[in-house]
Amino acid sequence: MATQPTQNAVPSELPRDLKFNAGKIDEFVTSQLTQYKDRFGNNHYTIEGLKQLTLQNIYNLGFIIVGSFQSGATLTSAGDVIQDTSTGIWYRWDDLASLPKEVPSGSTPADTGGIGDGAWKAVDISDALRRDLASPATGNGASLIVDKQPFAWAVPRTQHDKNYDVINVLDFWNGGAWDGTVQLVSSKYASLTEAQAQYPFVTSLSDSLYWAALQAAVNAALTLTYGATIVMPRGKGVYGTNTVTGTLTGFQGLRFEGQGTDVTQLKTSVTGTNSLLKFTYTGNGWWIDASSANSVILCDLSLVTDQENAGYGLTIDGGALSGRPTRGTYLDRVTFRGENALNQCFARGMNLINTTYVFHNHCRFLQSLTNGNGIGFYARVNQLDASNSQVCGGFYFTECEFIYGDAGIDLSSYTEGVYLTNCVADGGIKQGIRWLSATAESGLQVVGGQFNCLNYCFNIKNIIDGCIFGADIRCNGGAAGWRGIALQLSHGFNITGNNFIGAAVSGLMGVLIDNNDFGGAYSTLISSNRFTAMDYGVYMTATARLNHIDGSNIYSSVAVPVQDINVNQNVVQKKVYTFSTNLVFAGGAATESKLVTFPAGLLQATQKAECVFAKGSDNDLIGTYLYTNASNTAVAATISFRLTTGGNIPAGTYRIMIQVS
């Protein structure tokens, strides 16, 4: 009969209680049950129970995957598990006292201890998988997920590798909602030391937390050999006066990808010559064999300022390189603008230094309407010395808009190669393109578009070899002295097929040519344009020589179609009309007068008939007639003709033609 204990208080030294407790010690040590009862009837864990409790706590923390029977492994703790890859089953080693457990490669559960209590026991590793999927440790998380595209030629990749294709700014964001509210570093971190543990580059608790996240993303991208794409989130980021910077080396590139120009906004308060974004290129790439080249790409976002004519949106510095600087800046559907007032604008939206090959597609540059300040695009070269051949250029604009402000595009010396296709300069902007160079540069090409400006649509100096085709060139109602195209020290231009429209103010000139005495090989051709409502269609100063204004231009309500101060130094081609009038000349004299009747409406009020020709079968006659009738009432005149080769006029019938300007 089992010993019956007393109910005496603890501690009891009665022999009966001591004997009972001896049995309970044996039960605690050797029983496979998890609990035993003391002399008061209370339950306590046995060693087996403590073992199971400990293992369960370990399992709750998650199993540790250490390998497979086929490849071999060493198990060192109760939570280590190993897989039999032939069956897919996972096992733990149940005899904890014998750990560590060595499993040689090429083995099975059966030949390394068997399956059962004290040996291998099958386990469910879902807890381990959940833990490892949630772990940021190397080799865990997305590294455990493998994906393969549903194509025959696709190869499997881990989700970690796919995530690595792009960098998202939110990967580095430690603030609240990305919603345009001001969030400083101090809103998240109590001290600068604490902040620098996350963002080592911050220097003040008043730095923008948005800036810290984007700067961290840029820094991360520039640790990669070829840079990376940086995904910008929806919403407005408030960057304060901080500047996002980066120096690109080798073949590194950065691509900033927003969610739409009105959806992704980068708001700044920078002033002076500071920039919201500033990147420096160190690559020397230009030719195909370049050893390095850099690029920055922005698409589907807006750069926004809350300042008035202050700071720059994007600065690209090509570095102190001789020859042509590095290439590769691309903007697609990017807007530069003020935040919410018509006087807010960047002093310069784009600010380029020593940079070539910049491409803009469907971009908008909105400057100040209320005070006419701001430049959409500005480029300059920092010459290193007098012998340096450094050039900044290769700027392409396709379907871009320049609205308000001082100038849409402003270029300096040592800049060449500007190409515009179907662009617009409008909204009270003072000058569309201002390219005033102190050195002779080349390459302006404009195709289509509308330039509706207050002062100059194209203000050009020291530029050769330009083409302006098919553009709508207008005076925006404004100031007297408007010039559609002003060419100073510039030559080799082809101005064809444009529509020049003036306004009801004085001193308007469609094309002004000044000081371009460079010889016939470099003359400017003006052809097939329409000039309307201005004082002068084409005005050539005394220093303009050997330009060619052909007879296909049309002038309507133009006081002086062509003003050539230095007469006979330019080629001003006249229109020649042939009409169905034949005159019979008696001949035999050096001159002969005839009454010539002009077709109704042939001579317009703003034209002047200068020469009347009579063409015979073998001989040509010429007569002079100055038509100055502003009311367009004269329809006939008696004109004295002479033989163009001299001598007496041969008798015969002659066909009448008239030349007008």
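Conventions come before that. This is a predicted model, where local features need pLDDT of at least 70 and side-chain atom pairs count only at pLDDT 80 or more, while totals for chains, interfaces and linings use all residues. Residues are numbered from 1 along each chain as its sequence is written, and side-chain values use heavy atoms, with hydrogens and water left out.

Let me start with the helix. Helices (H or I, at least four residues) and strands (E, at least two) are DSSP runs, numbered from the N terminus. Helix α1 covers residues 15-30, 16 residues in total. From its first C-alpha to its last it reaches 23 Å, close to the 22 Å expected at 1.5 Å a residue; the expected span is 1.5 Å times one less than the number of residues.

Which residues of α1 are buried? They are D17, F20 and K24, where buried means under 20% relative accessible area, exposed over 50%, and partly exposed in between, with a 1.4 Å probe and protein chains only. These three lie on the same side of α1 because they cover an arc of only 65 degrees around the axis. That arc is taken from the directions from the helix axis to the C-beta atoms. On the other side of α1, P15, K19 and I25 are exposed. What covers the buried residues includes strand β1, residues 35-37.

Next, the cores. A nonpolar core here is a set of buried Ala, Val, Leu, Ile, Met, Phe, Trp, Tyr and Cys residues joined through side-chain atoms within 4.5 Å. The largest one has 96 residues, and L214, I230, F256 and F279 touch the most other members. Helix α6, residues 209-221, gives the most to this core, with 10 residues. A second, separate core has 14 residues, among them L583, F585, A614 and A637.

Now the charges. Side chains of opposite charge can pair when their charged atoms come close. I count a salt bridge when a side-chain nitrogen of Lys or Arg is within 4 Å of a carboxyl oxygen of Asp or Glu. By this rule the count comes to 15.

One of them joins E257 and R255, at 3.0 Å from N to O. E257 is partly exposed at 29% relative accessibility, and R255 is partly exposed at 31%.

R434 takes part in two that I want to show. D406 forms a salt bridge with R434, the closest N and O atoms being 2.9 Å apart. That pair links distant parts of the chain, 28 residues apart: D406 is in the loop between β26 (401-403) and β27 (407-411), and R434 is in strand β30, residues 431-447. R434 also meets D410 in a salt bridge, at 3.2 Å from N to O. Here D410 sits in strand β27, and the two residues are 24 apart. Are R434 and D410 buried or exposed? R434 is buried at 13% relative accessible area, and D410 counts as buried at 11%.

There is also a network of salt bridges, linking K236, K267, D306 and E339. E339 is in the loop between β20 (327-338) and β21 (348-353).

Finally, the backbone. Most residues other than glycine have a negative phi, and most peptide bonds are trans. Where are the cis peptide bonds to look at? One joins V10 and P11, with omega about 0 degrees; P11 is in the segment before α1. Another joins L99 and P100, again with omega about 0 degrees, and P100 is in the loop between β6 (89-93) and β7 (101-103).

Y414 has phi near 60 degrees and is in the loop between β27 and β28 (415-421). Y414 is partly exposed, at 29% relative accessibility. S557 has phi near 55 degrees and is placed in strand β41, residues 554-564. S557 is exposed, with a relative accessible area of 53%.

Conventions:
Contact = heavy atoms within 4.5 Å.
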